[in-house]
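Let's go through this model with a handful of "how do you know?" questions. Each answer sets a value beside the definition it has to meet.

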Amino acid sequence: MGIAWDDVVLIEHRGKTGEPTSITVNCPDKAGLGCDLCRIVLEFGLYVTRGDFATDGKWCYIVLWVVPRPSSLKVDWGSLKNRLMSTCPSCMISFYLNQQSTASAPPSVYLLKVFCLDRKGLLHDVTKVLCELELTIQRVKVTTTPDDKVLDLFFITDCMDLLHTKQRRDETCEHLSNVLGEYCISCELQLSGPECEVQQGFTSLPQEVAEELFSCELSKEAVPMSSASDTARLKKATITVDNLLSPVHTLLQIQCVDQKALIYDILRTSKDCDIQIAFGRIQSTAKGYRTIDLFIQTTDGKKIIDDENIKSLCSRLKEEMLHPLRVTVGSRGPDTELLVANPVELCGKGRPRVFYDVTIALKELGICVFSAEIARHSTAERQWEVYRFRLDESPEYPLASKRARTDILDRVKKTLMGW
């Protein structure tokens, strides 16, 4: 019974260049499946132009229309299909029995050591290779020596689960050596040891820095706007709640400015709040706005009628629409430090491609990174993934100037938000 396993995920390309590719997922449902699928789509650098969701709680049908961003991005569609299929529940009973015995096993973490001569854009070039190889950066420690050499320590996991093989490890190091060329001194990849546990600790931020970064107040610096009209447009984000249209569902009608990972942010919030989306429609962007209709229920199949619960959910969703990431640039002693933070899913996963986006923004500005690290930070409301970059001063780009810091904020935010 059921459908063939190969038909669980179907990817269909349009004939014309630039036309969206449709991804159809037809499989048994599970909590947070839509979020997990959108996360994978985001990891491959794809933008959702529109989409439809439907589930009865047991079986789901999802269609996403996607395009690469940027359009020149080369997508491994076969690998994408395999990744999407790997997160879909199977129709086979043996799958569930196997899941019960292996679900608690975390992926193995490997330590990649890259030692090389320093140059502009180096950190992003390494990050780009890791993304192309479907290696996820869990933690990173970047240090620059006084003689202009760089030691990059990347704690990574393999989405293809092949790093335990010598061939996969050798191919990874070879690929990095080819990209870095004469700048590469050595490249080593091995299963991580106790040093990984040290890296997975929580960061300690000065109180004033934490208050600035994690303030709940959505200031005008939440996103890079250039005019009063842009700020007014941002504040038009609205959520309308209707409990009359359906006898068994609460309808959320969401309208806000479109941005990168918007669909993922909304589905992640729904997943973390134990909200089930029975039906959903993501409409195409119109004049920079996105409209989303969601028919939702609690996990026990009931409407959301309590005013406080509705208020709390809408507040959380609006925060994700207006302020999904936190970015600041400031002085830390003699250094200039860029801080970027994003919420972490309750399952412990951070937001995809943040490190990639920040490093490409800095590369485009011609700014070198003296040191970098990724750590976790907890507030009363949630856990955050924090990216800390100490930026290297240069005569061409005096970081102490207000103009330079504004340029950094704007470029990083625009890259992260996809504007």
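Predicted model: local features only at pLDDT ≥ 70, side-chain atom pairs only at ≥ 80, totals over all residues.

Q: What makes leucine 84 count as buried?
A: The cut-offs decide: buried means under 20% relative accessible area, exposed means over 50%, and partly exposed is in between, with a 1.4 Å probe and protein chains only as cover. Leucine 84 has a relative accessible area of 1%, so it is buried. Residues are numbered from 1 along each chain as its sequence is written, and side-chain values use heavy atoms, leaving out hydrogens and water.

Q: Which residues does leucine 84 touch, not counting those up to four places away in sequence?
A: They are Val9, Ile23, Leu37, Ile40 and Val41, where contact means heavy atoms within 4.5 Å. Take isoleucine 40: it sits 44 residues from leucine 84 in sequence, and the two are 6.9 Å apart in space, C-alpha to C-alpha.

Q: Where is leucine 84 found?
A: Leucine 84 is in helix H2, residues 77–87. Helices are DSSP runs of H or I with at least four residues, strands are runs of E with at least two, and both are numbered from the N terminus. By that rule the chain has twelve helices and 16 strands.

Q: Is cysteine 131 buried, partly exposed or exposed?
A: Its relative accessible area is 27%, so cysteine 131 is partly exposed. Cysteine 60, with 3%, is buried.

Q: How do you know that S5 and S7 pair?
A: Two strands pair if DSSP finds at least two bridges between them. S5 and S7 have eight bridges, in the antiparallel sense. One example is phenylalanine 115, whose bridge partner in S7 is leucine 151. S7 also runs antiparallel to S6, joined by nine bridges, and there valine 142 stands opposite aspartate 152 in S7.

Q: What makes S7 mostly covered?
A: Eight of its ten residues are buried.

Q: Which strands stand at the edges of the sheet?
A: The open sheet of eight strands has the order S8-S5-S7-S6-S15-S16-S14-S13, with antiparallel pairing. Strand S8 (184–191) and strand S13 (326–332) are at the edges: each has a single partner strand, so one side of each is left without a neighbour in the sheet. S8's pairing with strand S5 (residues 110–117) is antiparallel and covers seven bridges, with tyrosine 110 opposite leucine 191 in S8.

Q: Which strands does helix H11 lie across?
A: Helix H11 (residues 354–365) lies across S6, S7, strand S14 (335–343), S15 and S16, and it runs at about 25° to S16. Such angles run from 0 to 180 degrees between N-to-C directions, using axes fitted to C-alpha atoms, for helices over the stretch in contact.
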